[in-house]
Each structure stands twice: as structure tokens, then as C-alpha cells.
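Subject: Handing over the model, with notes on what was found

Dear colleague,

Please find below the structure I promised to pass on to you. My notes follow it, and I would be glad if you read them with the model open beside you.

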Amino acid sequence: MVKRSFGLPTRNIYLGLACLSLTLHLVLAFFCLSVLQTVCVLPSSLSSSSSVTGINAQHHQPFSSPASTSHKPPTSSVKDETHTVDPILTHLKEVRGPDALEALFNHPLYNLPQPELQEDDWLLKLKESKDVTDKGSEEESEEEALDDSQWQSASQEEGYDRATWTSDTTTHPPWLRFHLGITRWELYNRKDPTLVQLTHYLATQQILGAVQKTGGTQLKLIMSFPNYGQALLKPMRQSRDAETDVNLFYFSDFERHNAEIAAFHLDRILGFNRIPPVVGRLINVTTEIREITTDHRLSRTFFTSPVGNVCFYGQCEYYCSTEHPLCGRPHELEVSLAAMLPDLELAPRRSWRSPWRRAYSRTKLAQWEKDPVYCDTVKQTPPYNQGTRLVDLIDMAVLDYLMGNMDRHHYETFEKFGNETFLLHLDNGRGFGRHSRDEPSILAPLQQCCRIRRSTLLRLRLLSRSGFRLSDMMRTSLAQDPLAAVAPLLSELHLSALDRRLATVLQMVQTCQNQHDDVIYHDTEGYDKEYDQQPD
């Protein structure tokens, strides 16, 4: 057998042919992939129409409101009698992040026309010089005029600002502008820049005083600031992800600082605007409470834990003991700070016992838990027999159900406005305790009365859609709070529970509509019916 041997030039030729073949195969493969990718991309017309069947359209242009552009959003050629597509919603549904929250608040449902405000529709009013009447000598009148038109602080000690406030609102601190902006119909105007200034003020201002708030079952502090503003403090007692023990009754549950913050954001996203602004903050329990407090009941409860953390517990009905201390790490403590409402001497409030108040007993049931037609009695009882009080209460029940708050025994209104006004959604610290269990009894007012505002229902439907999903809006809104830099204020499990509970509310309304005719309270007269859609 003859052994064949190849020379060097021959081997080089074979190697070159192999490399060329491999290169051609790679080029062919890349070409095929690019063709397939192009085929798989839907044309814009098909992409827009797919919104009816649940396919999300990809919009690459930035959001612009209908008022600022003549572009008409794409509409589907497929007509469905059950689902009416909101053209503005279709145009906005792919906006994400902070822009999505802005787009939500720009939606017509969040900009419904309000009744024209009359003089008596403002909670507080500054007296001006022209309002002063003659009550004595000319000199006395001039003195009263000066007193009514300007207020000058007399305190120069203890760190308080030396400021002059006049009838010009630009001289007022944010907390005073907030008070002066309260009307018969809402606690604040969402578009008012005072809201942003107030939350920034609560999160950054120097704290000059800290005393215990009287009343209530758990520890709360009133904090004072240099420009005479005050805030209500609720401290962090447990980790944000900790669920309430299933064996713990609602009336002995911990209050949570992050629940107060999240409740404010949820109330705003629902379009209610009935919870005072709340913001999270890290405080130093030594320098910002212990060293400045004049409350001896509070100061006596401070101690240093075995690991060197500064702790205190105050005096209250629940959880104020050495077994339930509030401890810094070693000095820093997370808290919520809520803007205080006007003093009761200036703006008295009336407390109302909720018709659906729980028995606050380990064995007894409330009347509404035993009587399925309990709402018929409520509807015949003032003030629920006329006006909006009943649907106001149902708004509050929806808010409480979404955050799992069972502790709504009373609510308040401003006395000045009588029965024609909104309800204050105060004290929400027992919300967001459990994400794994929904409490259907919170929705008893809706289930038994089968009544709901049209504007509330439409906003709930809007928040059930993919472009404005409630969990996404809450995640985006809560990310603006200072404590979000430490950790998310609500876990993903709590956020997903919001979507689940929202679907339950909408299903309950649908059940009511299948059984009754007079379910919707029409408060949106003149609003285009094309937005009155069912959820996707």
C-alpha cells in the first residue's frame, strides 16, 4: 500500500475552502433571521386594533394630550357590544412609569367639572382690611385692620421663624396654604402645587417639638416645626413585609406607618382626595424626640436596649410597654408624618358613628352582620336618606376593602358644611396588614345597598385596565416617597392584592346591576358616555 502525502500548498487550499464555506453559511443564517424578525413585527394598524383582543400596542411616540395635538388615536374596526373602547385610554395605555401616573391624572375622569365655589364653600377665610367694621374709635379700627390683614410671629426663641404672614398667600407656609385650600367638596386640589411643597416640607423641616397625642389606642406623637406647622407621627413597629397574625383580632392589630403613607397615595389614585397628605421620614429618636420633648409622660419611657438601640414606648392603651418598644437603629427610626387639619377651634369637626361599625367584641356580631336587609333601615335614617352621604360611605368602604382596613368605626366631617360635604378618611394605620386574605365583610355597605357613584365606578374600571393598572399606579406613586429609597413601601404581594380586590369590587357591582335597576348614582351629568366602559 502506497502512502499518499499532501504538500503544504495543497493543505492551504483545502483550509481556505473550508473557511469560505463556513463564512457563507453564517451570512445565510443571519439573513434568514433578519427576514423572520421583520415578518413577526405587526404593522401599526394591526397592532392598534389588537387592543380589543388584549394585545398591547407598542407606541413609540411620547404622550400628548388630546388638547395639545390633532392626532386621532387608532380605532379598531372590530365592534363589541360589551366592551366600549375608550379612545383616550387606547392612546395612553402603553405609557409607563411616572408618565403613566401623569397620564392617569390627565384623564377626563380625573378632571370632571366641579360646582362653582361660593363664598361659603371655603372652610377658612382670611379677613382683610375692608372686612373690618367700626367698633370704636378710628384708631382702634386701624389697629383691627392691621391685626386682620397680617400676623407676625412674636417667638424668636426656641428656633421658631420670625415671619410675617399677610393676606398675600405667597407669604404663607405650605401647611397654612393647605388649610386655606380646603373646600366643601375636597380636602385638597390635586393640581395645587402646595401639595408637593407640603410633602417636601414634612419630610425635611427641622423638628422643634414632640409630644404625645391624647386619645387613640396606640402611640402617636405631634411634631412641631419652625414655621408653626405640625404633623401627626406614627412610628414603624414591624417590618413592612410582616403579615398580621391570623389569630389577632382587627381591633388589637398593630398600626403601620407605611399603611398611612400608602393610604394617602391610594386615596389620591382613586380620585377621592380625602386623606391629608402623608410622607415617610427617617428621624433620630434621640435628637428629634428625647432631647426636645416637654412631655414628661413620654420622656420617662426612654431606655437603651441591650444592643445599644435607643427605645421608648410612651403611654397608651395598646402596645405601650417595655415588651413593645419603639427602637432606633441605634437612633434612626422610620415614621409617617401626616399634615394636621386646622385646629378644632377654627374648624370644628363632627364625628359620626359608622352604620357598619363592627361590634369590637370577640363573640358578638354587629346588627349589619345579622340582618341581610340592614341597608333598608340605613336608607331611611338621616343623613343617609338624602344627598350623597350613602355613596360617600360606600366610597370609603371601597377604599378600606382595597387596603384591608377593618377598623372604620367612626368618620368625620367639617361642621361648617353640614351634610353636604365629603367624608374625611382619617386613621388608616391598620390597613395593608394581610395580603394573603381578603376580607369581604368590609364591602357590606356596597353589597347590601347596591349603590355606587358613577364617577367612582368609572375610575375603578379604568384602574383595572393594563395601561393604568392599580398596582402599577401605586408602585409608581409610592416610589416618590422619601422612604422608598430605603425599601418599597408595599411589597409586590400587597400590590397584586390590590388588583385582585379591585376585580372583586367590580364583580360585586356587576352582580348588583344584574339584580337591581337603580345601582348607579349619576354624578357625572354631561360626561361623554363613550367612557362608560366595562373592564377588559
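Predicted model: local features only at pLDDT ≥ 70, side-chain atom pairs only at ≥ 80, totals over all residues.

The largest cavity has a volume of about 190 Å³, and of the 17 residues that line the largest cavity, S354, W356, D400, R408 and I442 are the closest to its centre. Two elements, α13 and α14 (444-449), each give two or more residues to this lining, and the largest share, four residues, comes from α13. Sorted by class, the lining of the largest cavity holds nine nonpolar, three polar and five charged residues.

Turning to the open spaces, the second largest pocket has a volume of about 1100 Å³. Its lining is made up of 38 residues, and those that lie nearest its centre are Q114, P115, W185, R453 and D523. The elements that contribute two or more residues to the lining of this pocket are α13 (389-403) and α15 (454-462), while by class the lining has eleven nonpolar, 14 polar and 13 charged residues.

The next part concerns annotated positions. An unreviewed UniProt entry places the feature "binding site" at Q218, K234, E255, A338, A339, M340, L341, E412 and D427, and I looked at several of these in turn.

The "binding site" annotation in that unreviewed UniProt entry covers E255 and D427, and although these two are spread over 173 residues of sequence, they cluster in space, with a largest C-alpha distance of 9.3 Å. E255 sits in the loop between β5 (230-235) and α8 (257-269), and because its relative accessibility is 7%, E255 counts as buried. Leaving out residues up to four places away in sequence, E255 touches Q218, K220, K234, R237, D427, G429 and R430. D427 lies in the loop between β12 and α14, and at 36% relative accessibility D427 counts as partly exposed. Apart from neighbours within four places in sequence, D427 is in contact with K234, E255, E260, N405 and R408, and its side chain makes a polar contact of 2.7 Å with the side chain of K234.

A338 belongs to strand β10 (residues 332-339), and with 16% relative accessibility A338 counts as buried. Its contacts, not counting residues up to four places away in sequence, are L202, Q230, A231, L232, P277 and V278.

E412 is placed in strand β12 (residues 410-414) and, at 23% relative accessibility, E412 counts as partly exposed. Setting aside neighbours within four places in sequence, E412 is in contact with R349, R350, S351, W352, L423, L424 and L426, and a polar contact of 2.5 Å joins the side chains of E412 and R349.

Finally, R501 is found in helix α17 (residues 492-515). R501 counts as buried, because its relative accessibility is 2%, and, not counting residues up to four places away in sequence, R501 touches Y401, L402, M403, G404, R434, H435, R437 and D438.

With best wishes

Technical notes:
Residues numbered from 1 in each chain as written. Heavy atoms only, no water. UniProt positions renumbered as here; feature names shortened; annotations may be inferred. Buried < 20%, exposed > 50% of the residue type's maximum accessible area, 1.4 Å probe, protein only. Contact = heavy atoms within 4.5 Å. Polar contact = N/O pair within 3.5 Å; in protein donor to acceptor, adjacent residues only side chain to side chain. 1 Å grid on protein atoms, 1.4 Å probe; cavity = no way out; pocket = protein on both sides within 12 Å on 5 of 7 lines; lining within 4 Å. Points joined across faces, edges and corners; volume = space filled by probe spheres on them. Nonpolar A, V, L, I, M, F, W, Y, C, P; charged D, E, K, R; others polar.
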